[in-house]
Amino acid sequence: MDAILLAAGNSIRFGENKLLYHLNGKPMYRYMLELLARQKKAGVLDHVIVVSQYEEIFRDLKSHFLEIEAVRNTAPELGISESIRIGLADLESVAAHSISCLFTVADQPHFTMESLIKIEQFWQTHNYGIAAASYNQKIGNPVIFASKYYEELKRLEGDAGGKKVLYRHMDDTGLCEVSESELIDLDTADAVREYGGFRSVSSRG
C-alpha cells in the first residue's frame, strides 16, 4: 500500500494558513504526517507522497522526513483534484506497480495511529476496491483506493475530491468505523476552539 497526503489547500475559511497553525506547539499538518512516517518506517506503507505548495512543509520534509516523497502543487487554485492528479502522477513514477493508495488530508489532528492501523487492516481483510474511515455511516478520510480507480481519480476536476469517485462505487466500498472526533477537519478557527482539545498558537506566534 502507498499513501498520498494532500497538504496544498489555501485555507480560505480559516483566515490564515491552517496547515501551519500550531496546536500544542506542533503545526497541524505534522499530526497526520508523523503517523504516515511511522507506518512507512514499519514497512506497512511502501511510498508516502506529500503534495503541497508550502515551503515550510518542504523544508521540514527535507530536514526530518527523508524517507517521504515531496511534490509541489503549483496550481492549488485548481482545487483538490489537482493535488490528487499530481500525487498519483508522482506515485506512478516511483511505483509502477502500485496496488492501492491511502489518500488522507492534513487537517485531522485527532486521527490516531490505532485508527490508521485499523483501516489498513480492514483493507487487507475485506474484498473491497475502496475503504473509507466513517462514523455512523458518515464517510470521512482517510480513503483507500485500489489501483483500478486511479484513472478515474485523475479525471476529477475542481474541488471534487476522491469521495466523488467513492459515491459512484458504493457497491465496492467498505466503511471502517472510527470515532467521530477523528473525522473532524479543522476548517475554521472556530472549529479549533470547539473541537480542538488543543492549546492553539498562531503560526505567527
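1. Contacts along the chain. Take the contacts in the protein chain between residues at least 6 apart in sequence: 70% of them join residues at least 24 apart. Keep in mind that this is a predicted model.

2. Overall make-up. The protein chain has seven helices and 10 strands. It holds 205 residues, and 56% of them are buried. Its accessible surface comes to about 9,700 Å². Carbon and sulfur atoms account for 48% of that surface.

3. Helix H1. This helix covers residues 28-41. H1 is mostly covered, with 10 of its 14 residues buried. Among the buried ones are Met 28, Tyr 31, Met 32, Leu 35, Leu 36 and Ala 37. Gln 39 is buried as well. After H1 comes Gly 43, which has a positive phi near 85°.

4. H1 against H2. Two packed helices are described by the angle between their axes and the distance between the axes. Here H1 packs with helix H2, residues 55-64, at an angle of about 35°. The axes lie 12 Å apart. The crossing of H1 and H2 is right-handed. H1 brings Tyr 29, Arg 30 and Leu 33 to the contact. H2 brings Glu 56, Ile 57, Asp 60, Leu 61 and His 64. What kinds of residue make up this contact of H1 with H2? Four are nonpolar, one is polar and three are charged. Tyr 29, Arg 30 and Leu 33 are also on the list of buried residues in H1.

5. Strand S6. This strand runs over residues 100-105, and six of its six residues are buried. Ser 100, Leu 102 and Thr 104 point one way from S6. Cys 101, Phe 103 and Val 105 point the other way. Residues on both sides are buried.

6. Partners of S6. Which way do strand S1 and S6 run, parallel or antiparallel? S1, residues 2-7, runs parallel to S6, and five bridges join them. Leu 6 stands opposite Val 105 in S6. S6 also pairs with strand S8, residues 138-146. That pairing is antiparallel, over four bridges. In it, Leu 102 has Ile 144 of S8 as its bridge partner.

7. Ser 81. This residue lies in helix H3, residues 80-94. Ser 81 counts as buried because its relative accessibility is 0%. Which residues does Ser 81 contact, leaving aside its neighbours within four places in sequence? They are Leu 156, Glu 157, Gly 158 and Ala 160.

8. Most residues other than glycine have a negative phi, and most peptide bonds are trans. The peptide bond from Asn 141 to Pro 142 is cis, with omega near 5°. Pro 142 lies in strand S8. Asn 136 is not a glycine, yet its phi is positive, about 50°. Gln 137 also has a positive phi, near 75°, in a residue other than glycine.

9. Asn 136 is found in the loop between strand S7, residues 130-135, and S8. Gln 137 is found in the loop between S7 and S8 too. Are these two residues buried or exposed? Asn 136 counts as exposed because its relative accessibility is 56%. Gln 137 has a relative accessible area of 63%, so it is exposed. The cut-off for exposed is over 50%.

Conventions:
Residues numbered from 1 in each chain as written. Predicted model: local features only at pLDDT ≥ 70, side-chain atom pairs only at ≥ 80, totals over all residues. Heavy atoms only, no water. Helix = DSSP H or I, 4+ residues; strand = E, 2+ residues; numbered from the N terminus. Buried < 20%, exposed > 50% of the residue type's maximum accessible area, 1.4 Å probe, protein only. Contact = heavy atoms within 4.5 Å. Areas by Shrake-Rupley, 256 points an atom, 1.4 Å probe, with all protein chains shown as cover. Axes fitted to C-alpha atoms, helices over the stretch in contact; angles between N-to-C directions. Left-handed = near helix turned anticlockwise from the far one by under 90°. Nonpolar A, V, L, I, M, F, W, Y, C, P; charged D, E, K, R; others polar. Pairing = 2+ DSSP bridges.
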